[in-house]
Amino acid sequence: MSQHQSQKAQSAPAGFEPRIVAFFCNWCTYTAADLAGVSRLKYAPNVRVIRVMCSGRVDPQFVLDAFARGADGVLLGGCHPGDCHYAEGNYKTLRRMRMLGRMLRDMGVADGRFRLEWISGAEGDKVKAVVNDMTAKVRALGPLDLPGKFREWDQETAELERQVHSQDPKEVARAR
Amino acid sequence: MPDKPKVAFYWCASCGGCEEAVVDLAEDILKVVEAVDIVMWPVAMDFKKSDVEARPDGSIAASFINGAVRTSEQEEMARLLRRKSQIVVSFGACANLGGIPALANQFQKEDILKYVYEDCPGVQNPDKTRPQTETRHEGRALSLPEFRGMVRSLDQVIEVEYYLPGCPPTPKIIMAAVVALLTGKLPPKGTVLSPDVALCEECPRKDSKPADLALAEFKRPHQVLIDPEKCLLAQSLVCMGPATRAGCEALCPKGNMPCTGCFGPTSRVKDQGAKFVSSVFSNIVPKDEAGIDAVLDGIPDPIGTFYRYGLSKCLLRRKLN
Amino acid sequence: MTDIKERRNDTDGLPRIGFYICHCGTNIAGMIDVAEVREYVAALPGVAVSRDYKYMCSDPGQELIGADIKEHKLERLVVAACSPNLHEETFRKAAARAGLNPFYFQMVNIREHVSWVHEDKISATEKAKDLARAAVYRVRFHKPLDKQSVPVDPNVLVVGGGIAGIHAALTLANAGKKVTLVEREATIGGHMAMFDKTFPTLDCAACILTPKMSAVKSHPNITLWTYSEVAKVDGYVGNYKVTVKRKPRYVKEDLCVGCMECIEACVFKEPKFADWFNQGLGKRKPVYIDFPQATPKVVLIDPETCIQFKTGKCKKSCAEVCDRKAFDFNQKEEFKDIRVGAIILATGFKVYDAKRDPHYGYGRYPGVYTALEIERLVNASGPTSGEVVLRDGRRPRAVGIIHCVGSRDEKTNKWCSRVCCMYSLKLAHLIKEHSGAEVYNFYIDVRAPGKAYEEFYDKLLSEGVHFIRGRVAEVTDWNMTPEEEGRLVLRVEDTLAGFVRRIPVDMVVLATGLEPRADAQEVRRLFNIGCGNEGFFQERHPKLAPVNTFTDGIFIAGACQAPKDIPDTVAQAGAAAAEALALIDAGHVELEPNTAHVVEEECCGCKSCVPLCPYSAITFDEAKKKAVINEVLCKGCGVCVAACPSGSIRQNLFEDAEIFSEIEGVLAK
């Protein structure tokens with residue numbers, strides 16, 4: 001039933017394009033992103049939104065997991081302080097994420113890769129501005145590519161793995 | 001007469017505390033020694049690597065390996081014991097999570113070697129000699145293990161069937177694990193052999209914790225005259241208890257010190273440090289950035305505090321540059 | 001149920017997923033290669049059906065889903081189309097009609113978030129694939145859920161018998177609902193009953209209020225409990241159980257007819273004790289009634305001042321003279337339980353304590369009054385029968401009215417109390433009318449925003465009232481000239497004239513602002529609602545939901561929400577009544593299932609979660625030593641889920657497993 005022809009040669013982006021995972025709270029930021037859509041504002045396609053009901057649902061584990069799985073940047077969007085749909089969820093977010101920010105810096109994750117923004121349901125243009133700004137900044141920082149780094153770091157154990165386990169094929173299978 | 005099951009103990013990047021924990025079984029150790037055949041235990045017996053190599057694969061019933069994996073020798077022995085064993089038990093916080101040695105994952109290998117062999121006050125090494133993995137001396141080839149780029153937990157190197165948590169694991173849980181192994185009453189593979197609930201469950205101070213705790217500051221243990229009955233978090237101390245598996249019967253809180261998280265997280269948590277941050281900072285008082293930052297300043301070393309034992313298991317695994 | 005096993009083989013043991021990508025005409029298909037996405041998703045593990053269609057939300061689109069669910073035994077549903085805020089419900093219902101639990105559905109937003117906001121087709125299509133894949137990974141972890149439906153009790157509780165509470169109660173009673181109106185004082189009427197005339201019309205407050213008060217008293221649907229307070233509130237929307245404490249009047253309410261012979265007969269020949277209603281300017285006896293039109297018209301005894309209660313030895317001529325035998329000196333406080341579906345809080349405001357501005361001399365200089373005290377003075381039924389006289393009986397030759405006392409002040413209250421300019425103008429008019437004194441109004445701005453308010457201000461200007469723009473620095477009795485002798489002097493910078501002035505007056509009126517009641521925090525906790533930073537009750541949304549609170553079933557109206565005048569108060573009271581009616585007439589309330597619950601065997605009792613819930617849905621079970629979440633109160637924000645340090649709280653639809661799988665899916669290559 002498809003009536004649309006694939007158009008391959010549109011415009012292949014040259015160079016590195018960052019992948020940014022965003023956690024948007026349903027009531028404010030997600031709604032603002034919808035509003036940006038309804039208003040046909042155009043912005044960079046690098047962000048992938050994961051919807052949560054409140055920014056307070058966002059566990060710092062989610063942020064770290066996103067980086068560990070290949071995100072170059074993580075954006076967290078919530079309601080402005082005082083306006084949280086659930087009264088004070090965003091304050092909890094703010095407190096946790098300020099500590100997480102310090103820890104990320106201590107772990108060598110450059111400033112700018114993790115960002116917390118307050119965007120109200122009416123601020124469609126702020127979604128555009130933040131996405132564009134963050135995409136540009138993360139592009140400039142370059143790929144983080146933690147999965148690639150993990151593979152690189154683990155190369156040092158590959159040789160021994162081969163040596164010790166290679167004599168028995170069952171062990172080789174077990175080792176991987 | 002049937003052969004007694006063969007058992008091995010090995011230590012990787014370890015302080016020796018886990019070995020002492022085994023010794024702390026006291027009289028019970030005699031029962032263990034009677035029931036099993038120890039075929040490897042570097043701290044106590046004279047078996048060599050070649051003895052282990054000579055054994056058939058899978059002939060060791062269980063190997064208890066403690067310590068984190070930092071050098072190629074530790075890695076090789078872990079892999080070797082894996083081949084030769086039916087069951088590998090990851091023994092202690094270092095093997096399970098990276099332990100204290102894993103704090104070195106905040107530094108690059110080059111920085112560590114440079115500090116130890118050149119910059120450390122008191123080092124006399126004008127030629128800046130570094131340890132080499134191979135050298136020749138008087139015609140003979142000598143080798144040293146290679147220092148890896150990062151500290152790994154045991155299961156980041158080999159497959160592990162069970163985990164005994166703790167720094168070190170307590171005699172009680174060690175004995176329970178040994179008995180389970182000997183009687184064949186083992187839980188599903190991958191289980192951590194300690195209750196899957198957080199430490200507060202066992203802590204005698206639990207009742208004194210208010211249900212509306214809101215922290216205005218964090219203090220370090222030396223800054224507080226610690227009340228021996230009251231919940232430690234309620235005294236503004238960083239107690240990792242709520243984010244740490246039970247099983248030790250709250251030894252540290254009973255010793256009037258906050259829990260530092262050595263038993264690792266429950267099975268439902270991927271990253272213990274991150275989860276603790278999610279919890280404890282939800283409940284601080286300030287709502288504005290400046291106020292929040294002032295409270296956070298009370299914990300000057302968050303990585304060292306929240307990942308004291310678990311940096312290898314942090315989702316980021318290591319500092320990036 | 002036909003043979004599932006065979007079909008599972010197709011999807012490698014994973015739940016069978018049906019994936020649909022909508023063209024939405026050209027809204028999506030014009031930017032995203034829907035065929036490419038369809039083909040891509042078809043190859044993902046667990047996907048049994050992958051289709052594209054022009055308009056998924058249309059009837060044929062929904063029927064297609066239904067047919068596929070039945071024919072292909074689908075166990076999960078993913079639709080990539082517009083925003084879930086538009087059609088999530090639509091597709092959930094489509095799934096339900098075909099026999100699939102509606103919460104096995106996940107929606108992917110590829111219109112508002114992709115096709116409408118990007119310009120490059122390749123990256124838009126890649127993004128759509130990433131988001132679709134994330135949903136496919138996530139939906140595997142979805143669990144079947146049910147929306148809980150709870151019935152709504154049709155009765156209503158209104159707390160506070162001022163104009164807001166009165167109007168709300170009457171509106172609801174007229175709609176046929178049974179209302180209990182609880183008022184702390186011995187009479188309803190609130191602050192409005194104390195006013196003389198109301199701006200801008202100069203209606204007599206009592207004249208417009210008392211008919212409403214009578215209507216409340218006589219309405220068959222209203223149970224009026226005055227001299228009563230709410231002691232405890234349990235339950236949740238539609239099902240509240242409230243305990244009301246009824247304080248003892250020592251007079252039987254159903255027997256007293258309000259003849260007031262007892263007051264006449266009291267052993268105290270003259271009234272001796274400061275009375276609350278007249279702001280302490282008048283006096284009453286130990287047996288009293290607040291004001292002549294008090295409703296209910298029942299006297300009461302103040303045990304702090306009555307000789308019988310203090311010594312046990314009184315003639316009790318009050319009881320003697322009562323031919324209804326209404327006195328009962330042994331009356332005790334009573335606790336009564338009621339069940340209601342909705343609660344309206346209309347507890348009003350507190351007047352700013354002028355002693356907090358010591359430079360204005362309130363409490364030191366007898367000539368300094370608050371606005372409410374002046375209301376009582378100018379009132380014909382007040383302590384001076386409407387004469388504007390000082391405490392020593394002299395008539396003032398000049399009166400100064402100071403605006404913004406305890407409002408718009410960095411040191412005390414920052415907000416504007418909204419009514420003070422208007423009542424200051426009104427008082428200026430009334431004082432001039434009653435006493436002929438010179439009147440000076442000292443203002444910062446004159447705020448006259450309401451209907452006919454500006455015109456009222458204009459009228460004042462033409463009446464010869466003096467307006468001086470400046471904040472009065474000080475009220476002092478220190479005289480510098482003979483003319484100031486024995487008078488109070490207001491020192492003020494006249495900012496329009498450009499110099500500091502000393503204005504001698506005899507009477508100073510402080511336009512004290514409106515504040516939250518002193519016990520607002522206790523009251524709001526009782527009802528499980530919030531207060532804003534200033535201490536007024538927190539509305540759900542300042543523009544779109546000014547009478548709702550974050551707690552379903554509890555509404556607020558009037559000055560307890562924010563300072564406001566009588567027209568706005570009445571409007572809000574009507575709004576709150578309408579909201580309560582909407583709730584009640586729906587008959588039942590459906591609760592969203594994305595609630596959280598504690599897994600009891602995993603909880604260690606660390607109490608980290610308990611203080612986090614703004615709805616008090618989390619309590620600590622002291623017997624079990626575990627946290628417990630009341631899923632009816634839970635609104636599903638998920639804060640506690642993230643905060644549980646041992647991962648022992650789960651949130652339906654937003655479990656860790658679901659979100660982690662979405663993260664994995666969105667980044668998987």
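In these legends, Ala, Val, Leu, Ile, Met, Phe, Trp, Tyr, Cys and Pro count as nonpolar, Asp, Glu, Lys and Arg as charged, and the others, Gly among them, as polar. Please keep in mind that every view shows a predicted model.

**View 1. The largest cavity and its lining.** Searching the whole structure turns up 13 cavities of 30 Å³ or more. Sorted by class, the lining has 10 nonpolar, 2 polar and 3 charged residues.

**View 2. The buried face of helix 6 in chain A.** Helix 6 of chain A covers residues 158-165, and its buried residues are A:Leu160, A:Glu161, A:Val164 and A:His165. Looking down the helix axis, you would find these buried residues within an arc of 105°, so they line one face of helix 6 of chain A.

**View 3. A disulfide in chain A.** A disulfide is a covalent bond between the sulfur atoms of two cysteines. Over all chains, the search finds 2 disulfides. One of them joins A:Cys28 and A:Cys79, with the sulfur atoms 2.5 Å apart. A:Cys28 sits in helix 1 (residues 26-38) of chain A, while A:Cys79 is in the loop between strand 3 (73-78) and helix 3 (89-106) of chain A, so the pair ties together parts 51 residues apart in sequence. The torsion about the S-S bond of A:Cys28 and A:Cys79 is about 105°, so this disulfide is right-handed. A:Cys28 is buried, at 9% relative accessible area, and A:Cys79 is buried too, at 3%.

**View 4. A disulfide in chain C.** Here C:Cys204 and C:Cys207 are linked, their sulfur atoms 2.5 Å apart. The link of C:Cys204 and C:Cys207 is right-handed, with 85° about the S-S bond. C:Cys204 counts as partly exposed, at 25% relative accessibility.

**View 5. Two cysteines of chain C without a disulfide partner.** For C:Cys57, the closest cysteine sulfur belongs to C:Cys22, and at 6.0 Å it is too far for a bond. C:Cys57 is partly exposed, with 32% relative accessibility. C:Cys640 is in no disulfide either, and the nearest cysteine sulfur, in C:Cys637, is 6.2 Å away. Is C:Cys640 buried or exposed? With a relative accessible area of 8%, C:Cys640 is buried.

Notes: Residues are numbered from 1 along each chain as its sequence is written. Chains are lettered from A and ligands numbered from 1 in the order in which they are written. This is a predicted model: local features need pLDDT of at least 70, side-chain atom pairs count only at pLDDT 80 or more; totals for chains, interfaces and linings use all residues. Side-chain values use heavy atoms; hydrogens and water are left out. On a 1 Å grid over the protein atoms alone, a cavity is a set of points where a 1.4 Å probe fits but cannot get out, and a pocket is an open set with protein on both sides within 12 Å along at least five of seven lines; lining residues have an atom within 4 Å of a point. Grid points are joined across faces, edges and corners, and a volume is the space filled by probe spheres set on the points. Buried means under 20% relative accessible area, exposed over 50%, partly exposed in between (1.4 Å probe, protein chains only). Helices (H or I, at least four residues) and strands (E, at least two) are DSSP runs, numbered from the N terminus. The arc is that of the directions from the helix axis to the C-beta atoms. A disulfide is a pair of cysteine sulfur atoms within 2.5 Å.
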